[in-house]
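The following exercises ask the reader to work through a structure step by step. Each task is followed by a worked solution.

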Amino acid sequence: MAGGVEEPGPGKLPGGMAPFSRGSELRKAQSGREAGSRMDEFSRLSLHVPEPAVRPGDQPDFSNVKIPKAGSVPRPEVDVDPEEIRDLAYSIIRVLNREGEAVGPWAGLLSDEELLTGLRHMMLLRAFDARMLMAQRQGKTSFYMQHLGEEAVSCAFRKALRKGDMNFPTYRQAGLLIADDYPMVEMMNQIFSNELDPCHGRQLPVMYTSKAHGFFTISGNLATQYVQAVGWAMASAIKNDTRIAAGWIGDGSTAESDFHSALVFASTYKAPVILNIVNNQWAISTFQGIARGGSGTFAARGLGFGIPALRVDGNDYLAVYAVARWAAERARLNLGPTLIEYVTYRVGAHSTSDDPSAYRPKTESEAWPLGDPVLRLKKHLVLRGVWSEERHAQAEAEIMDEVIQAQKEAERHGTLHAGGRPSVRDIFEGVYAEMPPHIRRQRQKAGY
Amino acid sequence: MPRCRPISAASGRKRGTDMARMTMIEAVRSAMDVSMARDEDVVVFGEDVGYFGGVFRCTQGLQAKYGKTRCFDAPISESGIVGTAIGMAAYGLKPCVEIQFADYMYPAYDQLTQEAARIRYRSNGDFTCPIVVRMPTGGGIFGGQTHSQSPEALFTHVCGLKVVVPSTPYDAKGLLISAIEDPDPVMFLEPKRLYNGPFDGHHERPVTAWSRHELGEVPDGHYTIPIGKAEIRRKGSGVTVIAYGTMVHVALAATEETGIDAEVIDLRSLLPLDLETIVQSVSKTGRCVVVHEATLTSGFGAELVALVQEHCFYHLEAPVVRVTGWDTPYPHAQEWDYFPGPARVGRALAEAMEG
């Protein structure tokens with residue numbers, strides 16, 4: 001049996017009725033005098049299950065993603081009453097327009113030199129991803145997760161933070177490390193689980209950790225770290241510190257309870273935290289509508305908590321930086337949390353274990369209306385006369401060379417199945433500060 | 001009911017019969033398919049299980065066949081998945097939900113332990129909770145600490161939950177149909193390293209595909225395997241090995257390699273437990289090795305050893321030995337130093353024989 005499925009068509013509610021007819025039915029029902037007769041007028045219920053606009057084989061369609069003109073969204077004062085900027089949760093703050101100009105009230109915060117550095121970080125991250133994906137295919141690591149298309153989010157955000165601030169990242173924010181000049185070789189040592197792996201082989205590839213670089217250890221579970229970011233920020237406030245925190249989550253994981261816990265704690269205690277939602281449209285095979293539900297946007301989730309919520313073009317380095325800086329200023333001024341939704345697109349697979357052609361059109365990324373963050377910043381810098389096609393091509397080659405050099409250095413210390421590796425002792429150490437006797441016995445039984 | 005078949009050289013579907021060779025993934029899918037076809041109250045949902053058919057493809061094709069109100073994608077919220085399943089069960093449906101990895105079940109633990117497990121008891125049967133929570137479990141895929149865990153003891157410790165861990169496609173299908181038809185909540189742990197073949201711990205060798213293994217033979221239609229019945233995988237007289245899931249195949253390999261005449265019991269159900277089969281076997285052999293992938297301390301092996309001690313004390317000729325994962329989080333790079341493979345099980349067999 002087919003399960004009685006109704007595909008909602010255009011202008012139709014899931015029950016198969018036009019909105020007007022349901023409305024009139026409702027009015028009719030409300031005007032009914034007797035409960036008994038009213039009941040008879042209700043139609044049978046049906047379950048609404050959201051579906052993406054298109055599937056493999058269909059033409060990509062992002063007509064539902066409304067893109068406001070660059071520069072059109074106002075920039076409020078950081079001490080604005082959140083109630084006055086509710087509309088920002090439904091718009092998209094953009095700085096770079098189609099021509100590559102930086103326009104509007106959120107523009108003008110970064111120097112050419114800073115922008116060139118930003119471009120370099122994004123290119124570095126992209127080259128790093130390309131090499132590590134290849135290394136995974138070559139069996140040098142078990143697993144990898146790339147950032148393709150999302151480089152601006154973490155690279156630009158990092159520049160709005162200061163030394164000492166703390167990120168609680170997910171697995172797709174390596175730009176936080178790259179843009180803080182964390183050594184690529186260290187990242188690769190972790191990915192290769194080699195003898196110099198900072199995590200001693202214990203963690204999945206890309207689950208980096210670096211307190212010195214404001215990068216909390218990634219767990220690999222979802223949403224758990226979001227509420228921890230709020231706790232870290234509360235601690236900073238308890239100790240009258242000046243440091244702030246940033247939590248990271250994907251669109252899909254906002255469905256987890258920890259997301260909602262984070263918002264209520266941040267709201268109640270006005271924690272100095274930036275709550276980032278990276279909406280890259282896809283949670284493995286699940287389109288963002290499943291987690292978003294009837295909420296207009298993910299940013300709008302903040303409104304019910306009284307948290308100022310901004311939505312930003314996640315493929316616009318300048319806009320990401322501007323919004324992150326606004327939120328960081330609010331936090332530093334003790335004005336409390338800010339929720340930011342980065343509207344972006346996951347161009348690649350979720351991970352090396354995923355094949356997106358099974359659930360979305362192959363050419364969907366080409367139709368993504370917010371473009372490529374690297375090409376957009378490049379165009380802006382060329383327009384400003386501080387960059388050129390030639391210099392870009394040269395930089396691409398130099399950056400790739402730099403990544404390859406780092407990879408060679410890392411590989412000298414081993415890869416997952418070859419060369420130097422962490423000790424078996426590392427399995428047993430670090431469970432507790434002091435190894436309890438039962439684990440020591442087990443280590444000895446293992447022969448170490 | 002068909003039992004284990006003799007080894008046949010044929011691979012794949014045999015024409016003119018109702019038996020096909022299935023992977024454990026296909027067997028699990030077939031169980032849901034058969035159940036959904038027989039009973040319109042059976043619904044299937046979880047993360048990525050709808051259109052895509054699950055990250056391990058266990059639900060592939062079910063949405064197309066039964067419609068998206070009976071097989072659908074859930075938001076990434078394990079507490080939401082289990083909580084709504086409980087609500088649906090209270091209404092009268094029979095939800096069979098997927099938690100993408102057993103390691104992700106913790107947000108649902110409150111719903112499972114304080115709600116699903118106790119609804120019948122606290123309402124004196126006014127409400128019941130016939131749900132199945134499927135979850136891929138165990139290591140062996142370089143999944144690190146968040147894709148390798150074996151949390152079965154966290155469920156067996158909860159009164160009101162049933163816990164099932166199959167080790168073959170045939171059992172997986174029959175047990176899953178039983179679980180779906182069961183009036184109480186069943187935790188159905190699928191050893192992901194067995195999805196494609198009977199992995200015996202020899203990671204350096206390719207695994208035999210289920211399509212070339214007699215235990216991959218699975219009837220197309222409806223059949224059940226009772227929850228609470230163990231299966232003896234190898235008859236023997238020297239020592240009893242109690243195992244479940246992946247470790248059944250590791251134990252069989254260790255037995256062959258050491259030449260020790262072990263009787264290998266595949267529990268299949270942890271709760272309820274087939275104590276009778278255990279007691280009969282240990283009373284016969286006088287020796288016992290308990291094997292599981294999960295960590296040692298307070299693991300299910302502790303319960304098994306206690307029961308053996310209570311029921312077979314005067315038959316025991318040596319201390320019972322446990323072989324388990326070490327008491328640490330599951331490491332990534334040192335996977336094969338952590339996984340209790342055939343060499344470690346073999347040493348334990350020898351130890352049990354010497355004592």
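**Exercise 1. Which residue in β4(B) stands opposite B:F45, and which strands pair with β4(B)?**

Solution. The model examined here is predicted.

Step 1. Locate B:F45; the residue opposite B:F45 is B:V97 of β4(B).

Step 2. Identify the first partner strand. Strand β2 (residues 42-46) of chain B runs parallel to β4(B), and 5 bridges join the two.

Step 3. Identify the other partner. β4(B) and β5(B) are also parallel, joined by 3 bridges. Here B:C96 stands opposite B:V132 in β5(B).

**Exercise 2. Compare the span of each of two helices, α1(B) and α13(A), with its expected value, and list the buried residues of each.**

Solution. 

Step 1. Take α1 of chain B, residues 24-38. From first C-alpha to last, this helix of 15 residues reaches 21 Å, close to the 21 Å expected at 1.5 Å a residue.

Step 2. Take α13 of chain A, residues 389-411. Its 23 residues reach 33 Å between the first and last C-alpha, close to the expected 33 Å.

Step 3. Examine burial in α1(B). Since 11 of its 15 residues are buried, α1(B) is largely enclosed by the rest of the structure. Among the buried residues are B:M24, B:I25, B:R29, B:M32 and B:M36; B:A27, B:V28, B:S30, B:A31, B:V34 and B:S35 are buried as well.

Step 4. Examine burial in α13(A). The buried residues are A:H392, A:A395, A:I399, A:V403, A:A406, A:Q407 and A:A410. They pack against α3 (112-137), α6 (184-191) and α12 (373-383) of chain A.

Step 5. Recall a general principle. An α-helix has 3.6 residues a turn, so residues three or four places apart point the same way.

**Exercise 3. How many disulfides does the structure hold, and how far from B:C288 is the nearest cysteine sulfur?**

Solution. 

Step 1. The number of disulfides over all chains is 0.

Step 2. For B:C288, the nearest cysteine sulfur belongs to B:C312, 7.7 Å away. A disulfide requires two cysteine sulfur atoms within 2.5 Å, and B:C288 is in no disulfide.

Step 3. B:C288 has a relative accessible area of 0% and is buried.

**Exercise 4. How many aromatic pairs are there, and which rings have a charge over them?**

Solution. 

Step 1. The count over all chains is 26 aromatic pairs.

Step 2. One example is the pair of B:Y330 and B:Y338, which is tilted, with 4.5 Å from centre to centre and 45° between the planes. Both residues are buried.

Step 3. Ring pairs also link B:F56, B:F101, B:Y104 and B:Y195 into a cluster.

Step 4. Among the rings with a charge over them is that of B:F199, where the charged end of B:R193 sits 3.7 Å from the ring centre. Another is A:W106, with A:R75 over its face at 5.3 Å from the ring centre.

**Exercise 5. Where in the chain are B:P272 and A:A223, and what backbone feature does each show?**

Solution. 

Step 1. Most residues other than glycine have a negative phi, and most peptide bonds are trans.

Step 2. The peptide bond from B:L271 to B:P272 is cis, with omega near 0°. B:P272 is placed in the loop between β12 (269-271) and α9 (275-285) of chain B.

Step 3. A:A223 has a positive phi, near 75°. This residue lies in the loop between α6 and α7 (224-238) of chain A, and A:A223 counts as buried because its relative accessibility is 2%.

Note on methods: Residues are numbered from 1 along each chain as its sequence is written. Chains are lettered from A and ligands numbered from 1 in the order in which they are written. This is a predicted model: local features need pLDDT of at least 70, side-chain atom pairs count only at pLDDT 80 or more; totals for chains, interfaces and linings use all residues. Side-chain values use heavy atoms; hydrogens and water are left out. Buried means under 20% relative accessible area, exposed over 50%, partly exposed in between (1.4 Å probe, protein chains only). Rings of Phe, Tyr and Trp (its six-membered ring) pair if their centres lie within 6.5 Å; planes under 30 degrees apart count as stacked, over 60 as edge-to-face and the rest as tilted. A charge sits over a ring if NZ of Lys or CZ of Arg is within 6 Å of the ring centre and within 35 degrees of the ring normal. Helices (H or I, at least four residues) and strands (E, at least two) are DSSP runs, numbered from the N terminus. The expected span of a helix is 1.5 Å times one less than its number of residues. Contact means heavy atoms within 4.5 Å. Two strands pair if DSSP finds at least two bridges between them.
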